[in-house]
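Me: Hi! I've got this one open for class, please walk me through it.
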Amino acid sequence: MNPYPNLENQQIQHPLDSQNREQYVQPYPQQQSPILFTQMMHRNNANDCDFPADIICPYCQRMIQTHVQYKMGVYSWIVVFLLLVLFFPLFFLPFCFLECQDKEHKCPHCNKKVGYKQYRIV
Ligand SMILES: [Zn+2]
């Protein structure tokens, strides 16, 4: 006697077979939307910007104006060192002039770094 009598009559159907397969086909051809083009006109980082930049934050996807923090970079310290050697009384100038410092852009909402500009002598 057959211990598995129901097995012969069962049809094992793959989930993607027959009519089920049709629902995975996209009914409409993909079109290039004009919205995509306008989104690409906004920057998503603030690299090489001296001042707060209007960008779309790549982390929280909001339209933001970046918050700029000034930091003493490698070239800022080189200028300090050169002034110490060449003209001692003015060595502190790079600490006072923000133009002589690196700029780090941060998102005011998620507080993540979204851009950086390094101060360069040349
Ligand atoms: Zn953000």
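Me: What does valine 114 touch?
Reply: Leaving out residues up to four places away in sequence, valine 114 contacts (heavy atoms within 4.5 Å) Asn45, Ala46, Ile55, Cys57, Pro58, Tyr59, Thr66, His105, Lys106 and Cys107. This is a predicted model, where local features need pLDDT of at least 70 and side-chain atom pairs 80 or more, while totals for chains, interfaces and linings use all residues. Residues are numbered from 1 along each chain as its sequence is written, and side-chain values use heavy atoms, without hydrogens or water.

Me: Which residues make up the largest nonpolar core?
Reply: Eight: Ala46, Cys49, Ala53, Ile55, Cys57, Ile64, Cys107 and Val114. A core joins buried (under 20% relative accessible area, 1.4 Å probe, protein chains only) Ala, Val, Leu, Ile, Met, Phe, Trp, Tyr and Cys through side-chain atoms within 4.5 Å.

Me: New topic! What coordinates the zinc ion?
Reply: The SG atoms of Cys57, Cys60, Cys107 and Cys110, at 2.3 Å. Donors are N, O or S within 2.8 Å of the metal (3.2 Å for Na, K and Ca), and water is not among the atoms, so sites may look incomplete.

Me: And what are the angles there?
Reply: They run from 102 to 122 degrees among the four donor atoms, making the site tetrahedral (all angles between 85 and 135 degrees).

Me: How are the donor residues spaced in sequence?
Reply: As C-x2-C-x46-C-x2-C. Cysteine 60 sits in the loop between E1 (54-56) and E2 (63-65), and cysteine 110 lies 50 residues away, between E4 (102-106) and E5 (113-117). Those E labels are strands, DSSP runs of at least two residues numbered from the N terminus.

Note on methods. Tetrahedral: all angles 85-135°; square planar, octahedral: opposite > 155°, others 65-115°. Helix = DSSP H or I, 4+ residues; strand = E, 2+ residues; numbered from the N terminus. Buried < 20%, exposed > 50% of the residue type's maximum accessible area, 1.4 Å probe, protein only.
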